[in-house]
Amino acid sequence: MCSRYFLDADGNVIAYTFAVPENTLMRRRYNIAPTQEAPVVRVAGDGARELALLRWGLVPSWAKELAAGTKMINARAEGVEAKPAFRAAARSRRCLVPATGFYEWKALPGRKQPYAITTERPLFAFAGLWESWMPREGGKPIETFTIITTEANPAIASVHDRMPVILPRDAEDAWLAGDAKDAMALLTPYAADTKLRAVGPAVGNSRNEAPECLDDAPAWSEQQDLF
């Protein structure tokens with residue numbers, strides 16, 4: 001499961017990395033949580049890439065209420081193309097979710113220890129899906145997204161049995177606009193270097209979005225060697 005992640009990169013860096021026009025609304029984010037708006041990269045109607053702010057928690061077009069998205073912040077890679085909530089998006093509404101890392105919690109006696117998880121790349125993308133949902137009372141459509149998860153790689157398995165799908169750079173085009181069957185084959189555990197670092201409890205509160213969310217865990221924290 002992936003329920004929090006961070007994007008410690010300026011808008012111009014995001015634009016350059018993902019070959020999209022710069023969006024002046026982009027800012028560094030240290031504790032992105034479900035139901036919040038976050039940037040995704042997708043293919044626009046003209047075939048070009050665009051950067052858009054969507055609500056985290058996918059709401060299928062047929063859902064009765066927006067709250068359905070709180071249960072769909074993640075989509076399991078296994079069979080995602082056949083699941084009613086995700087199959088339409090898996091065919092034609094795939095997206096990249098820019099990130100510099102994500103958080104996971106390890107159960108310890110009496111508490112949970114958060115870890116910040118990063119890769120050898122300073123900025124990368126999760127595999128995502130997006131949808132457009134129209135409120136019953138009318139108004140503007142609400143666009144939402146989900147992050148696809150898969151089995152954890154060996155490093156992350158010491159903390160959790162799932163991880164978000166991190167796409168290799170050379171797979172991003174295929175995920176965005178390639179054949180759906182080929183795209184589903186990309187939903188595998190990240191094989192490159194993955195690093196875990198114990199951080200303090202501030203990240204546990206979704207209202208905390210300051211850089212301090214990435215501070216090292218206090219000295220009294222029971223840190224374990226994960227490598």
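A salt bridge here is a side-chain nitrogen of Lys or Arg within 4 Å of a carboxyl oxygen of Asp or Glu. The views below all come from a predicted model.

**Close-up 1. A salt bridge joins E143 and R42.** The two side chains meet at 3.0 Å, N to O. This pair links distant parts of the chain, with E143 in strand β10 and R42 in strand β3, 101 residues apart. E143 is partly exposed, with a relative accessible area of 28%, whereas R42 counts as buried at 8%. By the rule given above, the model holds 12 salt bridges.

**Close-up 2. E131 and R93 form a salt bridge.** Here the closest N and O atoms are 2.8 Å apart. E131 sits in strand β9 and R93 in the loop between α2 (87-92) and β6, so you are looking at a link between distant parts of the chain, 38 residues apart. E131 is buried, with a relative accessible area of 6%, while R93 is partly exposed at 22%.

**Close-up 3. D8 meets R28 in a salt bridge.** The distance from N to O is 2.4 Å. R28 lies in the loop between α1 and β2, and D8 in the loop between β1 (5-7) and α1, so the pair ties together parts that are 20 residues apart in sequence. Both are partly exposed: R28 has 36% relative accessibility and D8 has 29%.

**Close-up 4. The side chain of T100 reaches the backbone of D8.** A polar atom of the T100 side chain lies 2.9 Å from the backbone nitrogen of D8. T100 is found in the loop between β6 (94-99) and β7, and counts as buried at 8% relative accessibility. Leaving aside neighbours within four places in sequence, the contacts of T100 include F6, L7, A9, T118 and F124.

**Close-up 5. T144 is buried in strand β10.** Strand β10 covers residues 142-151, and T144 has 0% relative accessibility. The T144 side chain comes to 2.9 Å from the backbone nitrogen of V59. Among the residues that T144 touches, not counting those up to four places away in sequence, are L54, L58, W130 and E131.

**Close-up 6. Five strands make an open sheet.** Follow the order β2-β1-β7-β8-β13, in which the pairing is antiparallel. At the edges stand β2 (29-32) and β13 (194-198), each with a single partner strand, so one side of each is left without a neighbour in the sheet. On average, neighbouring strands are turned by 30° against each other, direction ignored. Within the sheet, seven bridges join β7 (residues 101-108) to β8 (residues 111-119), and E104 stands opposite Y115 in β8.

**Close-up 7. The largest nonpolar core has 61 residues.** Y5, F145 and W175 have the most contacts inside this core. Strand β9 (residues 124-133) gives the largest share, six residues. Apart from this core lies another, of nine residues, including Y30, A116, C213 and L214.

Close-up 8. A19, which is not a glycine, has phi near 55°. A19 lies in the loop between α1 (11-18) and β2 and is exposed, with a relative accessible area of 58%. T35 has a phi of about 80°, again in a residue that is not a glycine. T35 belongs to the loop between β2 and β3 (37-43) and is partly exposed at 37%.

Conventions: Residues numbered from 1 in each chain as written. Predicted model: local features only at pLDDT ≥ 70, side-chain atom pairs only at ≥ 80, totals over all residues. Heavy atoms only, no water. Helix = DSSP H or I, 4+ residues; strand = E, 2+ residues; numbered from the N terminus. Buried < 20%, exposed > 50% of the residue type's maximum accessible area, 1.4 Å probe, protein only. Polar contact = N/O pair within 3.5 Å; in protein donor to acceptor, adjacent residues only side chain to side chain. Contact = heavy atoms within 4.5 Å. Core = buried A, V, L, I, M, F, W, Y, C linked by side-chain atoms within 4.5 Å. Pairing = 2+ DSSP bridges. Axes fitted to C-alpha atoms, helices over the stretch in contact; angles between N-to-C directions.
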